[in-house]
Amino acid sequence: MKGMRRQRPRIVFLIGLVFFLVAAGVSFGGQPQENPSGKKEQKNYSRQTDPSLYVGSETCKTCHEDMPIKGFFKNYEDSPHFVTTLDTKKGPEWHGCEACHGPGKEHVEGGGDKTKIFTFKGVTAQEISARCLDCHQYGEEHGNFARSVHLQNGVGCTDCHDPHHAKESQFLLKARQPDLCYACHLDKKQQFNRPFHHRVNEGLVKCTDCHNQHGGFQSRQLRATGSQDLVCFTCHTDKAGPYAFEHESVKIEGCAACHTPHGSSNPRLLKRAQVNLLCLECHAFSVGAGPAATPTFHNQAQKYQACTMCHTAIHGSNSNKFFFTP
């Protein structure tokens, strides 16, 4: 027993040493741990400014115009990125193909050696996005992409955009909205197929009207305040208020307190088929403080089931605190 007690500090020390080495990233195989791709992950793109390293887009055109993909360079000439070749104020590192793929002198001298130039295949989403954000990081739309949910989950710029062969001319998208979003968000696709839904499939509303796909400071990357109502009021202006008598649930939780934003089997995208059951989720007798409970004289029979038969101004009123018809 005494021997065991003497060995306890040594055992504790060894266990602590193992945890320290693991946290420090030391491999027990004797070799340092590396990125599986064999390359150091690049989170920031630093452009080389030596003009002698660049050959220009016309040199790229001599080979890539006859690529197996028909019209490879012609599509690029019709794209928004082609205007970079017209900018005379910036150096060659900002012009044309080499603005994205890096200097091409060694690539040309190597007879088209792909290891001598940056290719967008086989690299991480962070590396790809770092090159795109070197131009597109400014402004509210793209400023938060480095910390966005998409990039954190390995979704980079080229997963949605194609600078050479975009299917959609606007924003160089690979596919039409919302098909591009549905490729990952399958649960939202079935919601938009429900009988009552926002007209996203019909092309009247887009996912990006409500969400900032490039990241933001709100939950679910919404283009909204914490109560998530400003997005809804963009279209539903008649519900915006302000009102003299506010509905507490709408004021605190936002529209999603009663409505499902993407689609529902119930009219008006309500969460419940019966309106009174939706109201009773808040307006019920409870021990603590909260919304006013349903009065005892209310008849919950079928005839009087919908609370909104009387409380018509349910989103807010300027004349009646019980939201009766003005």
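How exposed is lysine 188? At 25% relative accessibility, lysine 188 counts as partly exposed, a class lying between buried (under 20% relative accessible area) and exposed (over 50%), with a 1.4 Å probe and protein chains only.

## Model and conventions

This is a predicted model, in which local features need pLDDT of at least 70 and side-chain atom pairs count only at pLDDT 80 or more, while totals for chains, interfaces and linings use all residues. Residues are numbered from 1 along each chain as its sequence is written, and side-chain values use heavy atoms, with hydrogens and water left out.

## Overall fold

The protein chain has 13 helices and 4 strands. Both are DSSP runs numbered from the N terminus, helices being H or I of at least four residues and strands E of at least two. Of its 326 residues, 25% count as buried.

Contact means heavy atoms within 4.5 Å. Among contacts between residues at least 6 apart in sequence, 49% join residues at least 24 apart.

## Salt bridges

Side chains of opposite charge can pair when their charged atoms come close. The structure holds 6 salt bridges, each defined by a side-chain nitrogen of Lys or Arg within 4 Å of a carboxyl oxygen of Asp or Glu. One of them joins the side chains of arginine 223 and glutamate 141, at 3.1 Å from N to O. This pair links distant parts of the chain, 82 residues apart: arginine 223 is in the loop between α10 (207-210) and α11 (230-233), and glutamate 141 is in the loop between α6 and α7. Arginine 223 is partly exposed at 32% relative accessibility, and glutamate 141 is partly exposed with a relative accessible area of 27%.

Lysine 188 takes part in another salt bridge, with aspartate 187, where the closest N and O atoms are 2.6 Å apart. Aspartate 187 is partly exposed, at 38% relative accessibility. A further bridge joins glutamate 281 to arginine 272, with 2.7 Å between the closest N and O atoms. Glutamate 281 has 43% relative accessibility and counts as partly exposed; arginine 272 is partly exposed as well, with a relative accessible area of 36%.

Serine 148 sits in the loop between α6 (125-136) and α7 (149-152). Its relative accessible area is 2%, so serine 148 is buried. Apart from neighbours within four places in sequence, serine 148 is in contact with His214, Gly215 and Gln221.

Tyrosine 182 belongs to helix α8 (residues 179-182). With a relative accessible area of 7%, tyrosine 182 is buried. Leaving aside neighbours within four places in sequence, the contacts of tyrosine 182 are Lys188, Lys189, Phe192, Val200 and Asn201. Lys188 in this list is the residue that forms a salt bridge with aspartate 187.

## Cys210 and its surroundings

Cysteine 210 is found in helix α10 and is partly exposed, with a relative accessible area of 26%. Not counting residues up to four places away in sequence, cysteine 210 touches Gln221, Leu222, Arg223 and Val231. Among these, Gln221 is also a contact of serine 148, and Arg223 forms the salt bridge with glutamate 141. The C-alpha atoms of cysteine 210 and leucine 230 are separated by 9.4 Å, the two residues being 20 apart along the chain.

## Helix α2

Helix α2 (residues 57-64) has the buried residues Ser57, Cys60 and Lys61. They lie on the same side of α2, because they cover an arc of only 105° around the axis, the arc being that of the directions from the helix axis to the C-beta atoms. The face turned away from this buried side carries the exposed residues Glu58, Thr62 and Cys63.

## Second largest pocket

Rolling a probe the size of a water molecule over the atoms shows where empty space is left. The second largest pocket has about 850 Å³ of space. A pocket is an open set of points, on a 1 Å grid over the protein atoms alone, where a 1.4 Å probe fits and protein lies on both sides within 12 Å along at least five of seven lines; lining residues have an atom within 4 Å of a point. Grid points are joined across faces, edges and corners, and the volume is the space filled by probe spheres set on the points.

The lining of this pocket consists of 29 residues, with His283, Pro295, His298, His311 and Phe322 nearest the centre. β2 (245-246), α12 (248-253) and α13 (275-280) are the elements that give two or more residues to the lining, and α13 gives the most, with 3 residues. By class, the lining has 17 nonpolar, 9 polar and 3 charged residues. Ala, Val, Leu, Ile, Met, Phe, Trp, Tyr, Cys and Pro count as nonpolar, Asp, Glu, Lys and Arg as charged, and the others, Gly among them, as polar.
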